[in-house]
Amino acid sequence: MQFKTRLFAVALGFSLALSGMTVEAAQMGQNPFGLVYDGAITQNVVGQVNIHRVKYENKGFTLVANVYTPKDYDPQRKYKAIVVAHPNGGVKEQVAGLYAQNLANLGYITIAFDAAYQGESSGMPRNTDVPASRIEDIRAAASFIQRYPGVLPDKIGLLGICGGGGYALAAAKTDKRFKAVATIAMFNSGKVRRNGYMDSALDTMDERMAEASAAKQAEALTGQVEYVPAPDPNMSTAEIDKISTDLYREGMYYYLKDYAHPYATFAYTKASLLDLMMFDATDHLELINQPLLLITGSKADSKYMSDEAFLKATGTNNKEEFVVDGATHIKMYYVPEYVSKITDKLELFFGKNL
């Protein structure tokens, strides 16, 4: 009974927290759809790209997504579709929504979804980050969009951003419904959680695995959930500017300040590391035989992950690593010059291969 009571307390606490965030989101008042990217849709207008909030069930989870339909959408016509997977800690209203909207403007039906345990989608404990679940979320989005009115079910593309890029690669290894696969600033979540960013934490690997095991044991025995904490949203700019890596320094500004969303957080359950640390997005990457596009920035300190993926993707002859000159990892999320170049490249890639 004590165990169940504690589990209920955890669930209730997250329920109240999410309710509070819903109120906070409503109070933001900046966009009726909760979108926080530049140039976001503010209303559905006949003849323009429109946004549609949808829910669907998959293996016990309720997943929430935004479907973007192209200009002059007619459900009686036929459209190619693209699934867009968001970064770690991100939600569908941020960069995933930006590129989903841009691709819809090119004539595709697109879907940007919240992963299970995150955003508006269900799942407890909140902010669990398990690779198998993230991969299944991508498959579920494909299953949903294939049934959407007007979608050609054999013309589905996949775009993954940051952590969503790593999970997109993993999904595409075996799910051949995805006829063309692209990533932006691919982040290999498992490798980073295991080795540290840029292999900076190899000497603490055993210690971190032990901590994750202890956190899992605590969940089982007491129902208490331990988190790898999110950064303080009130960090000063001086504190942020001391962060040495571009990805994390600029990520603080993106996620905590300039493009903050109340559902987005860096936090994840410490027990998630049990699965994350044995996952590598580039394992068996030779199984990808679809056309593959890896987009990275010339100044991105995460570029080494796209480089490795490109070398390991030996199963396809139709592959390219496209380097955006001058771009860092996070700046590909929002800087108009880089977003425009990436969108143009995606237009060529999907136009040729879908």
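Predicted model: local features only at pLDDT ≥ 70, side-chain atom pairs only at ≥ 80, totals over all residues.
Let me begin with how this chain holds together: residues 24 or more positions apart account for 73% of the contacts in the protein chain with a separation of 6 or more, where contact means heavy atoms within 4.5 Å. Residues are numbered from 1 along each chain as its sequence is written, and side-chain values use heavy atoms, with hydrogens and water left out.

As for the overall fold, the secondary structure comes to 11 helices and 10 strands, these being DSSP runs numbered from the N terminus, with helices as H or I of at least four residues and strands as E of at least two. The radius of gyration is 20 Å, close to the 20 Å that the globule rule gives for 354 residues, so the chain is as compact as a globular protein of that length; the radius is taken over C-alpha atoms, and the rule is 2.2 Å times the number of residues to the power 0.38. Along the principal axes, the C-alpha atoms fill a box of roughly 55 × 40 × 40 Å. Of the 354 residues, 55% count as buried, and here buried means under 20% relative accessible area, exposed means over 50%, and partly exposed lies in between, with a 1.4 Å probe and protein chains only.

On a 1 Å grid over the protein atoms alone, a cavity is a set of points where a 1.4 Å probe fits but cannot get out, whereas a pocket is an open set with protein on both sides within 12 Å along at least five of seven lines, and lining residues have an atom within 4 Å of a point. Grid points are joined across faces, edges and corners, and a volume is the space filled by probe spheres set on the points. The second largest cavity, with a volume of about 30 Å³, is lined by N88, G89, Y255, L256, A264, T265 and F266, which divide into 4 nonpolar, 3 polar and no charged residues.

Now to the loop between β4 (109-113) and α3 (131-146), where T128 lies. T128 counts as buried at 10% relative accessibility and, leaving aside its neighbours within four places in sequence, is in contact with A116, Y117, Q118, T269 and S272. In that loop we also find P125, and the peptide bond from M124 to P125 is cis, with omega near -5 degrees. N127, placed in the loop between β4 and α3 as well, is buried with a relative accessible area of 16%, and its phi is near 65 degrees, a positive value in a residue other than glycine. For background, most residues other than glycine have a negative phi, and most peptide bonds are trans.

P229 lies in the loop between β7 (227-228) and α7 (237-241) and is exposed, with a relative accessible area of 66%.

Which residues does the buried H329 touch? Leaving aside neighbours within four places in sequence, H329 is in contact with C162, A185, L247, A300 and S302, and at 1% relative accessibility it counts as buried, in the loop between β10 (319-324) and α11 (336-353).

Finally, helix α4 (residues 163-172) is mostly covered, with 10 of its 10 residues buried.

Conventions. Nonpolar A, V, L, I, M, F, W, Y, C, P; charged D, E, K, R; others polar.
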